[in-house]
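Here's a quick briefing to read alongside the model.

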Amino acid sequence: MCEDTMKVCEKWTPVCATNEIPARGARVIRRHGLDDIAVFRSGDGAVYAIVDKCPHKGGPLSAGLVHGASVTCPLHGMVIDLPSGQVQAPDEGCVRTIAVKIDQGRVCLDLGEGQ
């Protein structure tokens, strides 16, 4: 799938085209035996990826409301900063972020080994 060098293919996994993620929305990347990943696109076109699991009750963050560079959990209203994965005060917690690279209109994720 990756058309660049083998080195790039080893680190970055293409998952979808950028335009397949709705503006101010998300796309879920399902992974057998591992946590799903939510890939978000903000209103200004920035792309972020986090584990699709709220740290409070495990709800699907991909179903949340995207505003700026944040997403609000649809279950209990926790606000998560997409670049850092940090839950905003007064709540506490964090979500694991996934590195994103855009390559010729494709979203590629650094899934690492076993992630």
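Histidine 76 sits in the loop that links β6 and β7. Keep in mind that this is a predicted model. With a relative accessible area of 46%, histidine 76 counts as partly exposed. From there, the points below move on to the sheet, the cores, the cysteines and the chain as a whole.

**Around histidine 76**

- Leaving out residues up to four places away in sequence, histidine 76 touches His56 and Lys57.
- Histidine 56 is 20 residues away from histidine 76 in sequence, and the C-alpha to C-alpha separation of the two is 8.3 Å.

**The sheet on either side of that loop**

- β5, β6 and β7 make up an open sheet of 3 strands, in the order β5-β6-β7, with antiparallel pairing.
- β5 (65–67) and β7 (79–81) are the edge strands; each has a single partner strand, so one side of each has no neighbour in the sheet.
- Going from one strand to the next, the twist averages 25°.
- β6 (residues 70–72) runs antiparallel to β7, and 3 bridges join the two.
- Which residue of β7 is the bridge partner of threonine 72? That would be valine 79.

**Nonpolar cores**

- The largest nonpolar core has 15 residues, and those touching the most other members are Phe40, Ile50, Leu61, Val71 and Ile80.
- β4 gives the most to it, with 3 residues.
- Isoleucine 50 is worth a click: beyond its neighbours within four places in sequence, its contacts include Phe40, Leu61 and Val71.
- Also on the contact list of isoleucine 50 are Asp36, Ile37, Ala38 and Leu82, along with Val95, Arg96, Thr97 and Ile98.
- There's a second, separate core of 12 residues, with Val15, Ile29, Ile37 and Leu109 among them.

**Cysteines**

- How many disulfides does the structure hold? The count is 0.
- Cysteine 16 is in no disulfide, and the nearest cysteine sulfur, on cysteine 108, is 9.2 Å away.
- Cysteine 16 is buried, at 1% relative accessibility.
- For cysteine 54, the nearest cysteine sulfur belongs to cysteine 73 and is 3.7 Å away. A disulfide needs the sulfur atoms within 2.5 Å, and cysteine 54 is in no disulfide.
- Is cysteine 54 buried or exposed? It's buried, with a relative accessible area of 4%.

**The chain as a whole**

- The protein chain has 1 helix and 10 strands.
- Of the 115 residues in the protein chain, 42% are buried.
- Take the contacts between residues at least 6 apart in sequence: 38% of them join residues at least 24 apart.
- The accessible surface of the protein chain is about 6,400 Å², and carbon and sulfur atoms account for 50% of that.

Note on methods:
Residues are numbered from 1 along each chain as its sequence is written. This is a predicted model: local features need pLDDT of at least 70, side-chain atom pairs count only at pLDDT 80 or more; totals for chains, interfaces and linings use all residues. Side-chain values use heavy atoms; hydrogens and water are left out. Two strands pair if DSSP finds at least two bridges between them. Helices (H or I, at least four residues) and strands (E, at least two) are DSSP runs, numbered from the N terminus. Axes are lines fitted to C-alpha atoms, for helices over the stretch in contact, and angles run from 0 to 180 degrees between N-to-C directions. Buried means under 20% relative accessible area, exposed over 50%, partly exposed in between (1.4 Å probe, protein chains only). Contact means heavy atoms within 4.5 Å. Accessible areas come from the Shrake-Rupley method with a 1.4 Å probe; for residues, only the protein chains shown count as cover. A nonpolar core is a set of buried Ala, Val, Leu, Ile, Met, Phe, Trp, Tyr and Cys residues joined through side-chain atoms within 4.5 Å.
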